[in-house]
Protein chains: 2
Amino acid sequence: MKLSANEEYGLRCLVRIGYAGEGGNVTIPEMSQAEGVSPAYAAKILRVLRKGGFVKAARGKDGGYTLARPAESIVIGDVMDVLGGRIFESSFCDSHAGQAAICTRSVDCSVRSLWRAVQVSVDQVLSKATLRDLLQNEEDMNTWVRAIPGAKGLHSIQ
Amino acid sequence: MKLSANEEYGLRCLVRIGYAGEGGNVTIPEMSQAEGVSPAYAAKILRVLRKGGFVKAARGKDGGYTLARPAESIVIGDVMDVLGGRIFESSFCDSHAGQAAICTRSVDCSVRSLWRAVQVSVDQVLSKATLRDLLQNEEDMNTWVRAIPGAKGLHSIQ
DNA sequence: CCTAATCTGCACTTTTTAGTCAAGATTACT
DNA sequence: AGTAATCTTGACTAAAAAGTGCAGATTAGG
């Protein structure tokens, strides 16, 4: 259960574009240098974000990237899906659906239930957080941080 | 954020060995067939579990694998770590530690905080669940399922 | 119209992960 | 001792992910 490079750098680029704000423009060379990846690789990632509908690009001189829609409408979970998939592929045990007695006593279903639990848990965070949350100041960020049971605020998890 | 093949099949094998119970023995051919992977691959995964101290092997005729220690002492999070890593590698922004004002306004820290939140969230499940939980019947499994906010029980996430 | 700055697309190489193979070592049973 | 069932190891191949390079298209400004 690791983050892929696409997810890591893709989200970083998106946040950077978000910080540029309304009408702000960020170029590939800028992101490349800021995030420490090659321009070619940044370009590759940006293409994914563009095709996913999160950013739009302007070509030519003074070109660059801007958010395609308001930050509060960009759900981080959706971004993750596009960048690398939030998928748990424990696709067994579908035949047992509903047969609780058998199901709970099988390897398939034990494992499957665990993955589901993890998936639900991750979604608690990723489906609630929008790009806007990531751009806000600390107090606002605590909105989604507090969704995590046990976390008292940003400082408690940082 | 995907599960690796190692994590998927490693955990499945471990659970299967767990089901065999005290003194029970599971062989590579058995696991191979049950999980639909080649014997060679199963062997490779089992080696990881053995080196991680979760199972022990008996060679020769009537040989096979057994749990190396009681199921209740095997934390699933630890198993995951060994099989593929539960690591979020957003290792930037360490220099800012403590400087909240600057930190929250930076790409590094926004993203890092999110990863931490996800990590905490995942740990809510994986660090609480033991192999014993996965082997128990439905009612017992709800112990760790209930740790997920919003989940009312096993059925609610399955 | 020319130039410089920019994105675009595709093919390529490198690195990591997944999966296979074969030869060897160990054990139970007869 | 012999045999069959089993794990062990390391090297190998295949597939996927990460990362690079280059020729082309677009645009702003002189």
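This report describes the secondary structure, salt bridges, surface charge and selected backbone features of a predicted model.

## Basis of the model

Residues are numbered from 1 along each chain as its sequence is written, while chains are lettered from A and ligands numbered from 1 in the order in which they are written. Because the model is predicted, local features need pLDDT of at least 70 and side-chain atom pairs count only at pLDDT 80 or more, whereas totals for chains, interfaces and linings use all residues; side-chain values use heavy atoms, with hydrogens and water left out.

## Secondary structure and burial

Chain A contains nine helices and two strands. Along the sequence, the elements of chain A run in the order α-α-α-β-β-α-α-α-α-α-α. Helices (H or I, at least four residues) and strands (E, at least two) are DSSP runs, numbered from the N terminus.

Of the 158 residues in chain A, 51% are buried. Here buried means under 20% relative accessible area, exposed means over 50%, and partly exposed lies in between (1.4 Å probe, protein chains only). The areas come from the Shrake-Rupley method, and for residues only the protein chains shown count as cover.

## Helix α1 of chain B

Helix α1(B) has 16 residues and spans 23 Å from its first C-alpha to its last, close to the expected 22 Å at 1.5 Å a residue. The expected span is 1.5 Å times one less than the number of residues in the helix. Gly21(B) follows α1(B) and has a positive phi, near 75°.

Between the C-alpha atoms of Arg16(B) and Met31(B), which are 15 residues apart along the chain, the separation is 7.6 Å.

## Salt bridges

Over all chains, the structure holds ten salt bridges. A salt bridge is defined as a side-chain nitrogen of Lys or Arg within 4 Å of a carboxyl oxygen of Asp or Glu.

In chain B, Glu35(B) and Arg12(B) form a salt bridge with an N to O distance of 2.8 Å. Glu35(B) lies in helix α2 (residues 28–35) and Arg12(B) in helix α1 (residues 5–20) of chain B, so this pair ties together parts that are 23 residues apart in sequence. Both Glu35(B) and Arg12(B) are buried. Arg16(B) also forms a salt bridge with Glu35(B), and their closest N and O atoms are 2.5 Å apart. This second pair links distant parts of the chain, with Arg16(B) in helix α1 and Glu35(B) in helix α2 of chain B, 19 residues apart. The relative accessible area of Glu35(B) is 4%.

In chain A, a salt bridge joins the side chains of Arg12(A) and Glu8(A) (3.4 Å, N to O). The two residues are four apart in helix α1 (residues 5–20) of chain A, so about one helical turn separates Arg12(A) from Glu8(A). Arg12(A) is buried, with a relative accessible area of 1%, and Glu8(A) is buried at 7%.

Lys44(A), Arg47(A), Arg50(A), Lys51(A) and Arg59(A) form a positive surface patch. Patches consist of residues with over 30% relative accessible area and no salt bridge; like charges are joined within 9 Å, and nonpolar side chains (Val, Leu, Ile, Met, Phe, Trp, Tyr) within 5 Å. Lys and Arg count as positive and Asp and Glu as negative, while His and the chain ends are not counted. Each charge is placed at NZ of Lys, CZ of Arg, CG of Asp or CD of Glu.

Arg59(A) sits in the loop between β1 (55–58) and β2 (64–67) of chain A and is exposed, with a relative accessible area of 81%. Asp62(A) lies in the loop between β1 and β2 of chain A. Although Asp62(A) is not a glycine, its phi is positive, about 65°; the residue is exposed, with a relative accessible area of 69%. In chain B, Asp62(B) is placed in the loop between β1 (55–58) and β2 (64–67). Asp62(B), likewise not a glycine, has a positive phi of about 65° and is exposed at 67%.

## Strand β2 of chain A

Leu67(A) belongs to strand β2 of chain A and is buried, with a relative accessible area of 16%. Leu67(A) and Val15(A) are 52 residues apart in sequence, and their C-alpha atoms are 9.6 Å apart in space.

Conventions:
Areas by Shrake-Rupley, 256 points an atom, 1.4 Å probe, with all protein chains shown as cover.
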